[in-house]
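I opened my notebook to jot down what I could look up in this structure.

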Amino acid sequence: MSIIGVDIAYIRRALAAAVEMARFRDDPIDRFDHTYEGFFRSFVAMVVAAPLYPLIVAGERSLVTEAAQTQGGAQGFVLHAVNLPYCIIEAISYTAGWILFPLVMIFIARLVGASARYVPYIVAYNWGSCLVFVLTALMHLLHLAGVLPLAATSFLYFPITMFALAYRWRIARLGLQVPGTTATGVVILDVLLSVFIAVSAGSLQGALA
């Protein structure tokens, strides 16, 4: 089965390249499809990672609930009801997370003189995001299954977050072929946009509650 020229074999090759990027040993950036078609095909990663997103959301809700219970109350914690508006907002938030950053990076790449490397970077970033989703979802799955208690899950957040930041720094450094400081700025921008989307989604859910 193929969608816009993307079949299972194509996805496997792209994900294998993403895993090689995570090994921090060589420069596998050229293993990705950097063609014009490859750029648009890389957004299939959004579909590949989509089944993991509800698991991550459920895991985060579970952590918040357990943390509130541990502290003897729900002060500072707000869990919105899981209804149709909630699901729609989460779906929009998920999609925005995949679309907003690549759009902003069009201008950032031009600003730092890396326009010619925009496509290789976004292709690697998109497929690499699948790996970040897998690690995050696995942690939440183990917690939801009762394998990891609250304390252990909270502890794992730090190394997983550090890996994700370092991984995306490497993708920015090799993909855009920019200095390390510039790659750091790109990663910070990515984090800020993610926070903006999350806060906006939370505010909208609160307004509709």
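**Entry 1: helix α4**

I started with helix α4 (residues 52-70), which has 19 residues and reaches 27 Å from its first C-alpha to its last, close to the 27 Å expected at 1.5 Å a residue. Helices here are DSSP runs of H or I with at least four residues, strands are runs of E with at least two, and both are numbered from the N terminus. The expected span is 1.5 Å times one less than the number of residues in the helix.

A note on what I'm looking at: this is a predicted model, where local features need pLDDT of at least 70, side-chain atom pairs count only at pLDDT 80 or more, and totals for chains, interfaces and linings use all residues. Residues are numbered from 1 along each chain as its sequence is written, and side-chain values use heavy atoms, with hydrogens and water left out.

Which residues of α4 are buried? I found Tyr53, Ile56, Val57, Gly59, Ser62, Leu63, Ala67 and Ala68. Buried means under 20% relative accessible area, exposed means over 50%, and partly exposed is in between (1.4 Å probe, protein chains only). The cover over those buried residues includes α3 (45-49), α5 (84-111), α6 (118-144) and α7 (150-176).

**Entry 2: helix α6**

Next I checked α6, whose 27 residues should span 39 Å at 1.5 Å a residue; the end C-alpha atoms are 38 Å apart, which agrees. α6 is mostly covered, with 20 of its 27 residues buried. After α6 comes Gly146, and its phi is positive, near 85°.

I picked out three residues of α6.

- Thr136 sits in α6 and is buried, because its relative accessible area is 17%. Leaving aside neighbours within four places in sequence, Thr136 is in contact with Ile56 and Ile160; contact means heavy atoms within 4.5 Å. Ile56 is one of the buried residues of α4.
- Not counting residues up to four places away in sequence, Leu131 touches Ala18, Val19, Ala22, Phe163 and Tyr167. Leu131 and Ala164 are 33 residues apart in sequence and 9.0 Å apart in space, C-alpha to C-alpha.

I moved on to Asp190 in helix α8 (residues 180-208). Asp190 is buried, because its relative accessible area is 6%. What does Asp190 touch, not counting residues up to four places away in sequence? I got Phe101, Tyr125 and Arg168.

**Entry 3: the whole chain**

Then I zoomed out. The chain has eight helices and zero strands. With 209 residues, a compact globule would have a radius of gyration near 17 Å, and the chain has 18 Å, which agrees. That radius is taken over C-alpha atoms, and the globule rule is 2.2 Å times the number of residues to the power 0.38. I also noted that the C-alpha atoms fill a box of roughly 55 × 40 × 35 Å along the principal axes.

Buried residues make up 40% of the 209 in the chain. Of the contacts with a separation of 6 or more, 74% come from residues 24 or more positions apart.
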